[in-house]
Amino acid sequence: MLHSWLAQRFLFIVLGLSISGVNLPLALADVEFQNATPLSQAVKTPVEDCSSTSPISLPLITWGGDIATIYANGNQAETGSGSIFDKLGLKFKLFREDVFANQLKSYLSCKSPYLRGTLSMIHLAGEVANQDPRTRMTVVYQLTWSAGGDAMVVKGNIQSPNQLKGKTIAVQTYGPHIDYLGKILKDAGLSMKDVKIRWTKDLTGTNQTPMTAIYKSDIDAAMVIIPDALKLTSNGTVGTGAEDSVKGARILLSTKTANRIISDVYAVRSDFFAANRNDVMKFVQGLLIAQEDLASLVRAKVQRKTDYENTMKASARLLMDSEQAMADTAGMYGDASFAGWTGNMKFFADPKNPRSFEHLGQEIQETLTGAGLLTKAAKVKAAGWDYNVLKKDLKNVSHTEASHFNADKVAQVAAKRSAQNKPEGELFRFEVLFKPNQNSFRAADYADAFKKAVSLAATYGGAVITVEGHSDPLGYLKKKKESESPIVLSRIRQSAKNLSLTRAGAVRDNLLQYAKSLGIAVDPGQFAVVGQGIEHPKTGICGEDPCAPQSEKDWLSNMRVEFRIIQVEAEENVFQSL
């Protein structure tokens, strides 16, 4: 999580743009909303040839993943002697550019053959880059996933994503949150057309941002970075209205939960890639080595205090203009989930992965087109590396990942939340129905539901997914009408709970088997099985008992297993990023 220095820095140095009026109270800021237009209408830089250049200017953005790039360069702006890049025969000159349109201009004019941004930003640039075969983009490396640095803040009575329908949401034009919003809406059964977008010029730090926009009475939600989210919500709780908070504002969903949406990557020009493929591959090798070595350094920061501090000071200087921002640099590192060799292989080379380069690209294209930021699909390709070659100099390569979840804590959270008909932190829900006396749930019969559950688990990797079984209350109600004893009625209720638990377990087990059969990695620890019995029937509660079904449709509606995707960010011991 980012700290005070980064928030202060953004008040003075933001995207290279004017900060006039920044001394006004934020609640009084006059936000001038923009019309969203494709980048192809905003960037008209002439294309220059780019087959060779030395040293290579390499862009950075203010993000934790870029610390690995700085480390690989020897903790210097220009490649240091003996650094990882130097040993590979590479020479870079690092420069930070947080205005993506400016990066794109440098890319087109060959001031830099590389683009650095989220995958959504790369797709935003595709329509411009594809106008000339020399500048068509090849994505060569995934640095990280955002795992806590970005959030959606809402106000009013918005408790879940499906309540965003008809709401007005502030988002930065050409920024990192467009695909994030699009994915949340899609998983809630909505689209960009179901909400009203108010576009802002800047991301943070000026009076022209989503943060300042949400102070306006007609703005219901804003896509912001975590420092701004914490300000708006009185440090991540519920905004009190004091200082810079908005009364009643809360974080609906951050990338700590939705940790497989925002992907940070490097892309390179086609002409430069064709002329320098081996050097580009060395660049990727260097980043893989740096990410691995940096992780070891962070784990041993007490024993290797000097090396650790030198790296964080250098990164703070290059990313935030001051070595005093060490703590904030470390916070940014914690908000980034590094992909590494395993993640890059799964992202680019595993077509079965629900969060692959191809799958994300399709989602992003749909969102950007729906938002009016693309006029047509713009193909962006991957490098097609041989990952067996790329792993040769790495020490800790694995095809699998350990569970991120504490099973006991997950069970405790599931038990606590299951007592609520509308669990606290519920993001999405859907159900599968079963027939009377059914105890098996074959993937062939429930493929659509299983596919959806696997996709949600892959996208919201920081959420707990409860699989809750529900039973038909008709048998219990008949026995009660016959004046059966309370002891027998209690046994019937408990038997229904046990049966629903068994059914939920069967659904969970078949779901995991379904994912395994497709070669999709799913963390079993993310799923908790709950037996609800007849406590929460679709037909409702009448007094102390379930309401009697009035039709066959009502009767069948109670025989179901519900999937609930629940945010557990406040439960610190449930999910641990590795």
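**Salt bridges and a sheet**

Q: Which residue's side chain meets that of R493 in a salt bridge?
A: This is a predicted model, in which local features need pLDDT of at least 70, side-chain atom pairs count only at pLDDT 80 or more, and totals for chains, interfaces and linings use all residues. Residues are numbered from 1 along each chain as its sequence is written, and side-chain values use heavy atoms, with hydrogens and water left out. A salt bridge places a side-chain nitrogen of Lys or Arg within 4 Å of a carboxyl oxygen of Asp or Glu. At 3.2 Å, N to O, the partner of R493 is E535.

Q: Is R493 buried or exposed?
A: Buried means under 20% relative accessible area, exposed over 50%, and partly exposed in between (1.4 Å probe, protein chains only). R493 has 19% relative accessibility, so R493 counts as buried.

Q: How is E535 classed at a relative accessible area of 27%?
A: The value for E535 is 27%. That lies in the class between under 20% and over 50%, so E535 is partly exposed.

Q: How many salt bridges does the structure hold?
A: One of them joins E363 and R355 at 2.8 Å, N to O, and both residues are buried. Another joins D445 and R442 at 3.1 Å, N to O. The total is 30.

Q: Which strands stand at the edges of the open sheet of 5 strands?
A: Strands (E, at least two residues) are DSSP runs, numbered from the N terminus, and two strands pair if DSSP finds at least two bridges between them. The order is β7-β6-β8-β5-β9, with mixed pairing. Each edge strand has a single partner, so one side is left without a neighbour in the sheet; these strands are β7 (196-200) and β9 (250-254).

Conventions:
Helices (H or I, at least four residues) and strands (E, at least two) are DSSP runs, numbered from the N terminus.
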